[in-house]
2 protein chains.
Amino acid sequence: MGSAPKRRTIFFISDSTAITAETLGQSLLTQFEPLEFDQVTLPFIDTFSKAGRALMQINKDANTKGIRPIVFSTLINPDIRRLFKNSSCIFFDFFDTFISRLESELDMRSSHTIGRYHGLINDSVYSVRIDAMNYAMGTDDGISTKDYDQAEVILLGVSRSGKTPTCLYLGLQFGIYAANYPLTEETLLKRHVTLPEALVPFRKKLFGLTISPERLQRIRSGRMPNTRYASLSQCQLEVAMTESLFESETIPFVNVTSMSIEEISATVLLECKLQRRFF
Amino acid sequence: MGSAPKRRTIFFISDSTAITAETLGQSLLTQFEPLEFDQVTLPFIDTFSKAGRALMQINKDANTKGIRPIVFSTLINPDIRRLFKNSSCIFFDFFDTFISRLESELDMRSSHTIGRYHGLINDSVYSVRIDAMNYAMGTDDGISTKDYDQAEVILLGVSRSGKTPTCLYLGLQFGIYAANYPLTEETLLKRHVTLPEALVPFRKKLFGLTISPERLQRIRSGRMPNTRYASLSQCQLEVAMTESLFESETIPFVNVTSMSIEEISATVLLECKLQRRFF
């Protein structure tokens, strides 16, 4: 009997947060499912001494496992990069791969400054991100409907359909001011499937989220198992009433059953024709 | 007199959210500051008909400006990619560039499935993200200190030092349960610069944020101009007392004056030796 095959180690290395290196590597590795990997992030490798320690860690991994680790790098410093290129790893060098073609196309030398894409851009971008996020928190779940003037979009949906995380993500990643209003059973029944009054003046900002009753049941059961709230029949009732409301009031909506927060957010941006405030 | 040079257009194109294409493209473009670009994101280009419309938009831009647009692509479908390669744009193909080397290294064909890195991974990852984010919201600003058992880290700092966005980001991006406790003037004075009682049992989870009084003043002034709260002297007082507390109680801390939310979060992960729950 042979032993189980060793999981290869993937390193993400950067002189900054390593978010770009992780994004690059992850988007490629998802193409090789069901392979599994051990994953290690090495951020802020911005001195030779830190690079030396990182290199030792990578070499040790290679020796222990007997299989060359894969390194996704966004390191900018060419001397530090050279250390890793000559090591025992498989080195995917994001910077080196693209920068010279971009330099020749833009007819300009790149600054070779340490990656600041996920750094502090300026005060106004910082402010708008924080403001938009605070706005999402302050208008979450139908509180402060008086602040809806400022909203660029108001998400509607049943409890646990993904409204809150989507609003926070829209604020944090795009600087979009997004509020959300919960469609509870009481709201849905009381209004005889017409729009709650607080929303009427903001009809053009409304965007609906719907979800399959089965998935909604799973999500609610994780939080409040064996309750009426989490029962399939209750989820079916609320979803059916919600979709009726969207249709009768011609509110655009999307089914988020198999969507991530990122996909819901990107869809809201696209469908509501919203412009992100920064990249 | 010549006319002002036209700003080149950058397109980010993807069969999914385009977040990866944006991240990779932006991290390269920041190396070419102060160049400015018009930026257009084209997500969910997953059919020939959508690709055709995108291509028309790109060609129209090229004709109008008389300068070839740059396209950063994470498109997976080889037939769709070919359309753009043969167009009038400069095409940066993140998929094609790295995938074959990775295939040969991993000795496996990639699945060529549409980019799911920012897609729904599975129910448990979805749940932990939402849970961790709800946890951050539920323990924000010192509320529910009774839930600190569950915290992996508790951030301390003065009002507007970045605690809330960092906690939300840690939850959303890494699935880390992060609470935060505000150090107000009252807290700082009342305790004679010792630790607030609610925090004493959780000393090992504490991590401090500090910030320059000048930057704090700018941030506070944006929100509440001409108040004592936003005055430089008040900011100086609070920051000085906070740093004294961190030092006397030997709480590790970082100065966030020139850091983005991403950089603060990556630093917290690294310094507190926290393991992210997913990539």
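1. Let's start with Val71(A). Setting aside neighbours within four places in sequence, Val71(A) is in contact with Phe11(A), Ile13(A), Ile58(A), Phe84(A), Cys89(A), Ile90(A), Phe91(A) and Phe92(A). Contact here means that the two C-beta atoms, placed from the backbone, lie within 7 Å. Please keep in mind that this is a predicted model, where local features need pLDDT of at least 70, side-chain atom pairs count only at pLDDT 80 or more, and totals for chains, interfaces and linings use all residues. Residues are numbered from 1 along each chain as its sequence is written, while chains are lettered from A and ligands numbered from 1 in the order in which they are written.

2. Now for Leu216(A), which is found in helix H8 (residues 213-223) of chain A. Helices are DSSP runs of H or I with at least four residues, strands are E runs of at least two, and both are numbered from the N terminus. Leu216(A) counts as buried because it has 25 C-beta neighbours inside 10 Å; the cut-offs are 20 or more other C-beta atoms within 10 Å for buried, 12 or fewer for exposed, and in between for partly exposed, with C-beta atoms placed from the backbone. Not counting residues up to four places away in sequence, Leu216(A) touches Val158(A), Arg160(A), Ser161(A), Ile211(A), Cys235(A) and Val239(A).

3. On helix packing in chain A, the axes of H2 (residues 48-65) and H3 (residues 78-85) come within 10 Å and cross at roughly 15 degrees. That makes H2(A) roughly parallel to H3(A). Axes are lines fitted to C-alpha atoms, for helices over the stretch in contact, and angles run from 0 to 180 degrees between N-to-C directions; under 35 degrees counts as roughly parallel, over 145 as roughly antiparallel, 65 to 115 as roughly perpendicular and the rest as oblique. Phe48(A), Ala51(A) and Leu55(A) of H2(A) meet Ile80(A), Leu83(A) and Phe84(A) of H3(A).

4. H5(B) and H6(B) pack with axes 7 Å apart at an angle of about 165 degrees, which means H5(B) is roughly antiparallel to H6(B). H6(B) and H10(B) have axes 9 Å apart at about 70 degrees, so H6(B) is roughly perpendicular to H10(B). Residues making this second contact include Pro165(B), Tyr169(B) and Phe174(B) of H6(B) and Ile261(B), Ile264(B) and Val268(B) of H10(B).

5. Turning to symmetry, chain B can be laid on chain A with an RMSD of 0.1 Å by a turn of 180 degrees and a shift of 0.0 Å along the axis. The two copies are thus related as by a two-fold rotation axis. In chain B, the C-alpha nearest that axis belongs to Leu24(B), at 3.5 Å. The superposition is by least squares on the C-alpha atoms of residues with pLDDT of at least 70 in both copies.

6. Finally, the interface: the contact takes 60 residues from chain B and 60 residues from chain A. H1(B) gives the largest share of chain B's side, 8 residues. Because 100% of the interface residues of chain B are also interface residues in chain A, the copies meet through the same surface.
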